[in-house]
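Here are a few notes to read alongside the model. Keep the viewer open and look up each residue as you go.

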Amino acid sequence: MKIDVCFSPALYPVYHNPEAIVVVVDVFRATTTMAAAFSNGVRSIRPVATVEEAEAYKAKGWLVGAERNVKRCSFADFGNSPFDYTAEKVSGKDIVFTTTNGTRAITIAKSAFRVITGAFINLQAAGYCVRHKRDVVVLCSGWQDKVNIEDTLFGGALTDALLNTSLYEAGSDAAVIARDMWTGNKANLLAYLDTTDHMGRLKANHLEDAVPYCLTLSITDKVPALSIEGDTLILC
């Protein structure tokens, strides 16, 4: 079996493997937030690509999390911080969710054999991949189709975990690059990421409070998996 890393949604067509598990990652912050919400008892999350879709759900009475360019949308009940989705607010609830990059990446990958969401806090996604005995593609959400460091680091962490099982091999140089980035910097992720573009955006908007949480390893075993009902995407 092979593990590969796609650095940007713009590159996904050349990585698409209809028989693979795609692990969508958006460390800052969508897939971290999703894992946190499921840890706090959310029943399901409907990822939608556009603000207009999210607004239509809100008009029907749904709870909605919505973010664009790191800021919470004015009509939304929640933003894109894992701290927004407390057990008191989300336990037993169904939520619609749209973000700048992460939810779009999920829609791009939806035709794969299986789509799951991964983050550092649920690095146990590696176990999910091993159990299903499939090739794996990590789809980094990036930032508006550009490569970012934090998602690539997660790709490296998952690659490292799977290669260490001896059941997987690197699918391309991209997996090797991501793994090298991870192994060279895992001892101090916060310092390595401090001057990155996305950290700059978070700091400029005073939203960096969740960063240490987003970089914490394996604190939940929740691995959201995608199902499709008609045209509706549902994570549960």
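1. Let's start with one pair of residues. Ile3 has Val136 in S8 as its bridge partner. Bear in mind that this is a predicted model.

2. Now zoom out to the two strands around that pair. Strand S1 (residues 2–6) and strand S8 (residues 136–140) run parallel, and 4 bridges join them. In general, strands of a sheet pair through backbone hydrogen bonds, either parallel or antiparallel.

3. Where do S1 and S8 sit in the sheet order? The sheet is open, has 5 strands with parallel pairing, and reads S7-S2-S8-S1-S9. At the edges are strand S7 (114–118) and strand S9 (169–170), each of which pairs on one side only.

4. Next, the helices against the sheet. Helix H6 (residues 125–132) lies across S2 (21–25), S7 and S8, and runs at about 160° to S7. Helix H8 (residues 173–185) packs on the sheet too, where it touches S1 and S9, with its direction at about 80° to that of S1.

5. Have a look at helix H2 (residues 30–39) as well: 9 of its 10 residues are buried, so the rest of the structure largely encloses it. Among the buried ones are Ala30, Thr31, Met34 and Phe38. Just after H2, Gly41 takes a positive phi of about 95°.

6. Finally, the nonpolar core. The largest one has 69 residues, and Val22, Phe28, Ile116, Phe120, Phe154 and Leu158 have the most contacts inside it. Helix H7 (residues 149–163) supplies the largest share, 6 residues. Apart from this core lies another of 10 residues, including Val48 and Phe75.

Notes:
Residues are numbered from 1 along each chain as its sequence is written. This is a predicted model: local features need pLDDT of at least 70, side-chain atom pairs count only at pLDDT 80 or more; totals for chains, interfaces and linings use all residues. Side-chain values use heavy atoms; hydrogens and water are left out. A nonpolar core is a set of buried Ala, Val, Leu, Ile, Met, Phe, Trp, Tyr and Cys residues joined through side-chain atoms within 4.5 Å. Buried means under 20% relative accessible area, exposed over 50%, partly exposed in between (1.4 Å probe, protein chains only). Two strands pair if DSSP finds at least two bridges between them. Contact means heavy atoms within 4.5 Å. Axes are lines fitted to C-alpha atoms, for helices over the stretch in contact, and angles run from 0 to 180 degrees between N-to-C directions.
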